Amino acid sequence: MMQAVYLRYKKNFDVKMKRQECCVKIVEKGGGRMQQSDEAVIRVKDLYKVYRMGEEKVYALNGVSFEIHKGEFCAITGPSGSGKSTLLNMLAGLEHPTKGEIVIAGKHIEKLNEKQLVTFRRERVGFIFQSYNLIGTMDAVENVALPLSFRGIPRAARIKRAKQYLRLVGLEKFMTHMPNQMSGGQQQRVGIARALAMNPQIIFADEPTGNLDSKTTMEVLKLMQKVVREQKQTLVMVTHDNNLATYADRIFKIIDGKIVSIEENHHEVDLVQLEESMQAAAEAQAEGKSKNPAEEEQIETVVEAEEHRIERKSE
């Protein structure tokens with residue numbers, strides 16, 4: 001029965017990953033899911049970004065409004081040219097809006113001058129880049145520690161914190177490696193450690209797995225999800241891949257500069273674990289071991305709920 005449930009689920013769930021990279025873990029809200037508070041750490045109201053091309057006005061953002069709460073993992077999705085990267089740049093204080101409000105941690109960043117924005121980014125924000133942006137002449141520890149120097153943190157404290165976060169992302173054996181001595185996935189882990197070491201209120205990730213293969217993409221996303229939860233950080237990720245967005249708590253879909261939908265992701269799907277649990281159940285059954293009927297019924301219920309969510313999303 002459990003194998004039939006798994007096969008039915010796998011048939012209906014469209015993922016662009018190899019079978020051995022997939023597995024399923026349903027995390028109940030309030031348990032393994034990222035803990036959210038009612039505090040809005042980001043509030044956007046009537047946000048516009050308009051560019052002029054000759055006599056024509058191009059609306060990169062066209063009246064966007066939303067809130068993101070402390071402790072949320074949010075994904076911004078949309079096709080190329082939809083405005084998602086422009087929106088991320090606005091939230092990070094990298095571009096000024098044409099009109100509208102951006103309030104982050106109670107501060108109207110649209111009213112800040114360039115010097116104030118530099119201070120805001122240095123003290124409040126962490127970045128994870130698609131291209132890693134590591135310094136080629138520095139090892140992993142030095143790359144993670146570098147941004148801390150701009151806060152005036154003494155060298156010994158910087159190095160200690162850098163090593164702490166490299167251990168957190170599983171790179172304790174690569175601390176003295178240069179970027180060209182590490183794989184793409186390892187370099188991105190350094191990038192994640194660098195962002196976390198700043199202890200930011202918000203982490204912005206722009207296509208963080210865009211340069212990685214599918215297996216490494218899965219590993220990095222799981223790491224981001226796990227580490228950000230444990231650190232109780234707020235993460236905003238831009239991606240063009242709807243499958244990757246399923247790791248987020250909420251999914252903002254943007255088209256032609258407007259948010260057309262905000263989807264609550266009540267279940268997180270981890271396709272490798274379900275496969276492993278199904279295989280373990282099959283082996284137990286083959287060996288004549290007793291199964292847990294309650295667990296079997298719970299898996300069936302969760303799969304049916306997930307199928308229903310996928311069907312509603314495709315309508």
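This is a predicted model: local features need pLDDT of at least 70, side-chain atom pairs count only at pLDDT 80 or more; totals for chains, interfaces and linings use all residues.
Student: How long should helix α5 be, and what span do its end C-alpha atoms show?

Tutor: Helix α5 covers residues 155-168, which is 14 residues.

Student: Which residues of α5 are buried?

Tutor: Start with the general idea. An α-helix has 3.6 residues a turn, so residues three or four places apart point the same way. In α5 the buried residues are Arg 158, Ile 159, Ala 162, Tyr 165 and Leu 166. These residues cover an arc of only 135° around the axis, which puts them on the same side of α5.

Student: Which exposed residues does the face turned away from the buried side carry?

Tutor: That face of α5 carries Ala 156 and Lys 160, both exposed.

Student: What covers the buried residues of α5?

Tutor: The cover includes α4 (140-149) and α6 (184-197).

Student: Which residue just after α5 takes a positive phi?

Tutor: Gly 170 does, with a phi of about 80°.

Student: Now the sheet. In what order do its strands lie?

Tutor: In general, strands of a sheet pair through backbone hydrogen bonds, either parallel or antiparallel. Here six strands form an open sheet with mixed pairing, in the order β6-β7-β8-β3-β9-β10. Strands β6 (125-128) and β10 are the edges, each pairing on one side only. On average, neighbouring strands of this sheet are turned by 20° against each other, direction ignored.

Student: Do β3 and β9 pair in the parallel or the antiparallel sense?

Tutor: Strand β3 (residues 73-77) pairs with β9 in the parallel sense, over four bridges. Within this part of the sheet, Ala 75 stands opposite Ile 251 of β9.

Student: How many bridges join β9 to β10?

Tutor: Six bridges join β9 (residues 250-255) to β10 (residues 258-264), and the two strands run antiparallel.

Student: Which strands does α6 lie across?

Tutor: Helix α6 lies across β6 and β7 (202-206), and runs at about 175° to β6. Helix α7 (residues 214-230) also packs on the sheet, where it touches β3, β6, β7 and β8 (234-239). The direction of α7 makes about 160° with that of β8.

Conventions
Residues are numbered from 1 along each chain as its sequence is written. Side-chain values use heavy atoms; hydrogens and water are left out. The expected span of a helix is 1.5 Å times one less than its number of residues. Buried means under 20% relative accessible area, exposed over 50%, partly exposed in between (1.4 Å probe, protein chains only). The arc is that of the directions from the helix axis to the C-beta atoms. Contact means heavy atoms within 4.5 Å. Two strands pair if DSSP finds at least two bridges between them. Axes are lines fitted to C-alpha atoms, for helices over the stretch in contact, and angles run from 0 to 180 degrees between N-to-C directions.
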